[in-house]
Amino acid sequence: MSSQVNSDLSVLSKQTVCESISDLVAVIGAGTMGTGIAHDLALHGVDTVVVDINSDQLDICAKNIKQNLRLYQMHEVHGKLTVPRETILERLTFTTSLEDIADAGFVIENVTEDWDIKQQVYQKMAEVCAPETVYGVNTSAISITQVASLMPVPENVVGVHLMNPVPLKPMVELIRGFRSSEDALNRMRALLARLNKESITVEDSPGFVTNRAMMIFVNEAIFMVQEHVASPSDVDTLFKSCFGHKMGPLQTADLIGLDTILKSLEVLYEGFNDSKFRPCFLLKKMVSAGKMGMKSGSGFYEYTQ
């Protein structure tokens, strides 16, 4: 196992979180990622408050968590859990007010990949949360260092790039911003360990490791569909059959959300000023048409609710 994988028991066994710091976790954003993160936290005994400005989205989040708790019972890992579903759901609180996260020891932020929106959210959290709160920025490409510059204690801001579906993914990309402290990183590692997740720590760079590479082949796959080189299903079948991928690039794009793919490519294009990250026109057109993938019911494939 790589020395970079943070499964070192000597690290995780240390008391990295002071008793005075709350174990309450705030999840900001109740979309696809926020839903998965809140599910996983509650599943592993962590009291969680989910915040979204849209009360309807909070209702959808709660509904999806209930459904997924049933679905994941069939999974080889989660099927072994014996905690009653009602107990798990009792650990969750849903709110439209950021004021309700004042007691959180951790924040995992998942709002849309839009700098203006993130800036407003972090400025508000800086007013509400305690100085010792650790912030995990769950972003596909936005700079952790840039986000940290908004906070009074930038050392407590780290990147935490979780993968979808969160409850089934054992690895997390942890990102060290320019001013991220080792204490904040260790506290986030300890929280991830409670979820039975390992992490690999990388340095702050647009797209980090996973998305910097993945967005290129997803974008190129979309270009191939635009150019009628192959159909979406044929592209995905080739990736799965030839490379052993569990999902093809276009299935992955639909799962992530085509709007998120587009915003991530735009951030990478701006960050590197490199034409290899230019978003495909077909992707832009699909997003403009409301074809966002699974969450909208239609993307490169059709989905039934």
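Me: Which residues does glycine 177 touch, not counting residues up to four places away in sequence?
Reply: Glycine 177 touches Ile144, Thr145 and Asp204. This is a predicted model.

Me: Where is glycine 177 found?
Reply: In the loop between strand E7 (171–176) and helix H7 (182–194).

Me: Is glycine 177 buried or exposed?
Reply: Buried. Its relative accessibility is 5%, and the cut-off for buried is under 20%.

Me: How far is glycine 177 from serine 205 in space?
Reply: Their C-alpha atoms are 8.8 Å apart. In sequence, 28 residues separate the two.

Me: Now asparagine 156. Where is that one?
Reply: Asparagine 156 sits in a loop, with helix H6 (144–148) on one side and strand E6 (157–161) on the other.

Me: Buried or exposed?
Reply: Asparagine 156 counts as buried because its relative accessibility is 8%.

Me: Switching to backbone geometry. Which peptide bond is cis?
Reply: The one from asparagine 164 to proline 165, with omega near 0°. Proline 165 is in the loop between E6 and E7. Most peptide bonds are trans.

Me: Where does asparagine 196 lie, and is it buried or exposed?
Reply: Asparagine 196 lies in the loop between H7 and strand E8 (198–203). At 58% relative accessibility, asparagine 196 counts as exposed.

Me: What about phi of phenylalanine 208?
Reply: Phenylalanine 208 also has a positive phi, about 60°. It is in the loop between E8 and H8.

Me: Is phenylalanine 208 buried or exposed?
Reply: Buried, at 4% relative accessibility.

Me: Let's do helix H10. How many of its residues are buried?
Reply: Six of the eight in H10 (residues 249–256), so the helix is mostly covered. The buried ones are Pro249, Leu250, Thr252, Ala253, Asp254 and Leu255.

Me: What covers them?
Reply: The cover for the buried residues of H10 includes helix H8 (210–226), helix H9 (232–243) and helix H11 (258–272).

Me: What follows H10?
Reply: Glycine 257, with a positive phi near 115°.

Me: Zooming out. How many helices and strands does the chain have?
Reply: Twelve helices and eight strands. The radius of gyration is 19 Å, close to the 19 Å from the globule rule for 305 residues, so the chain is as compact as a globular protein of that length.

Me: What does the C-alpha trace span?
Reply: About 60 × 45 × 45 Å along the principal axes.

Me: What share of the chain is buried?
Reply: 48% of the 305 residues.

Me: Which domains does the assignment give?
Reply: Domain 1 (25–203) and domain 2 (211–296). Their C-alpha centres lie 25 Å apart.

Me: How many residues are in contact between domain 1 and domain 2?
Reply: Nine residues of domain 1 are in contact with eight of domain 2.

Me: Last one, charges. How far apart are the mean positions?
Reply: 5 Å, for 26 positive and 37 negative charges.

How values were computed
Residues numbered from 1 in each chain as written. Predicted model: local features only at pLDDT ≥ 70, side-chain atom pairs only at ≥ 80, totals over all residues. Heavy atoms only, no water. Helix = DSSP H or I, 4+ residues; strand = E, 2+ residues; numbered from the N terminus. Rg over C-alpha atoms; globule rule 2.2 N^0.38 Å. Buried < 20%, exposed > 50% of the residue type's maximum accessible area, 1.4 Å probe, protein only. Lys, Arg positive; Asp, Glu negative; His and termini not counted. Charge placed at Lys NZ, Arg CZ, Asp CG, Glu CD. Domains from an automatic or database assignment. Contact = heavy atoms within 4.5 Å.
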